[in-house]
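Colleague: I'm new to this one. Can we look at it together?
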Amino acid sequence: MKLYNQKDTTIKIKQKAKEIGFDLVGICSPEPFTRAYSLIKKRKLSEFVSDNIEQLTTPREHLSSARSIISLGISYASKDDVIDNTQNKNTCKQFISLYARGIDYHKIINEKMDRLLAYLNKIDPQVEAVAYSDTGAILDREIAYRAGLGWIGKNNNLINPKYGSYLFLGEIITNLVLKYDKAMEAQCGNCNRCLIKCPAGALKAYHLDPDKCLSYITQKKGILTEEERKDIDNRLWGCDTCLDVCPYNNDIPVNIHKEFIPVLESDIETILQFTKNNIPLEWKNSALSWRGLRILKRNTIINLGNKGDNEYIPLLERVLKNPSPILRAYAVWALGQIKADGIIIIIKEHYKSEHNKIVLKEIKNILNKDT
């Protein structure tokens with residue numbers, strides 16, 4: 001490898017990362033995350049996280065020659081003032097997590113990391129490096145914590161004193177020998193706001209139960225339980241409660257990066273009419289698009305059921321004609337939540353032409369409650 005000064009090179013890499021647009025940059029060792037390993041062994045992981053604990057906690061599983069990890073953070077904090085469609089009587093205000101309301105962060109961060117990787121290649125044309133941003137089987141937050149970008153709070157999010165916890169993270173594992181930063185001490189103190197306010201009781205101090213987390217539930221596939229449907233309330237995608245109540249997210253810089261300024265807004269009827277061919281570009285370019293349209297439509301139907309307004313009856317009746325049995329099943333459930341004359345007649349009428357077992361089960365549940 002090309003000879004270089006460790007201290008000077010570290011400074012230059014950090015300067016370049018800031019120039020490219022990262023708000024936070026730190027360096028840490030690629031040694032195994034023994035603390036995280038012991039914790040993960042005792043806990044259930046979300047289906048969105050790899051079950052390969054060795055890969056999650058051992059950076060050299062990703063790059064055997066690793067000598068350093070460059071940890072990167074970028075703020076997506078924005079004013080929450082875009083989505084308010086309540087002026088339209090046919091619209092139910094739905095909650096969309098702030099991280100998903102701008103351009104998909106994977107695209108933004110990967111482009112910036114590619115530029116930083118090109119810079120590393122100038123430092124040493126033989127450099128070896130791999131980059132991830134919520135894309136590799138490795139613990140982004142553990143890396144960021146070790147690299148001094150912040151501490152992992154009771155809400156399980158990385159918290160930085162200046163930028164709070166509205167942060168996207170990425171990392172570059174490299175064989176460059178760089179100067180390491182020190183980890184930051186936790187500063188949550190006696191504050192338990194996130195634990196108290198978690199709407200589904202998914203948070204314990206420094207531990208998250210993924211099965212109860214509403215952000216996870218809005219994204220998971222399969223048939224949701226009655227309790228899960230009720231807990232979702234008006235959430236179309238995600239849940240930001242533990243972020244919103246954190247005192248470290250008060251008085252932080254906002255709208256730093258125009259790519260993450262919220263742009264998503266739509267009414268209920270429009271979402272239910274989305275297809276692969278007509279979905280607006282801002283939705284297609286959002287981080288929520290990865291899970292597919294059916295999840296968005298399912299959540300929308302659940303939102304309508306939880307709203308329970310008579311005005312949504314015609315909309316839900318149209319969903320009963322949808323070719324997807326999953327959406328028809330949720331439409332039956334949503335209709336059953338509306339306390340209005342004629343609902344049971346609508347459901348009984350649909351029963352005559354329905355053949356799918358999942359939908360029929362929902363119909364029987366509603367009819368049994370009515371008897």
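Colleague: Let me start with charge: how far apart are the mean positions of the positive and negative charges of the chain?
Modeller: They sit 2 Å apart, taking 54 positive and 45 negative charges. Keep in mind that this is a predicted model.

Colleague: Okay. How many helices and strands does the chain have?
Modeller: There are 16 helices and 10 strands.

Colleague: And what share of the residues counts as buried?
Modeller: Of 371 residues, 51% are buried. As for the surface, the chain exposes about 18,100 Å², with 48% of that coming from carbon and sulfur atoms.

Colleague: Switching to rings: how many aromatic pairs are there?
Modeller: The structure has 7 aromatic pairs. One of them is Tyr105 with Phe168.

Colleague: Why does that pair, Tyr105 and Phe168, count as stacked?
Modeller: The ring centres are 4.2 Å apart and the planes meet at 10 degrees, so Tyr105 and Phe168 are stacked.

Colleague: What about Phe168 and Phe260, how are their rings arranged?
Modeller: Edge-to-face, because their planes are at 65 degrees, with the centres 5.0 Å apart. Phe260 lies in the loop between helix H9 and helix H10, 92 residues from Phe168. Phe260 is buried too, like Phe168.

Colleague: Which residues form the aromatic cluster?
Modeller: Tyr76, Tyr99, Tyr105, Tyr166, Phe168 and Phe260 make up one cluster.

Conventions:
Residues numbered from 1 in each chain as written. Predicted model: local features only at pLDDT ≥ 70, side-chain atom pairs only at ≥ 80, totals over all residues. Heavy atoms only, no water. Phe/Tyr/Trp six-rings, centres within 6.5 Å; stacked < 30°, edge-to-face > 60°. Helix = DSSP H or I, 4+ residues; strand = E, 2+ residues; numbered from the N terminus. Buried < 20%, exposed > 50% of the residue type's maximum accessible area, 1.4 Å probe, protein only. Areas by Shrake-Rupley, 256 points an atom, 1.4 Å probe, with all protein chains shown as cover. Lys, Arg positive; Asp, Glu negative; His and termini not counted. Charge placed at Lys NZ, Arg CZ, Asp CG, Glu CD.
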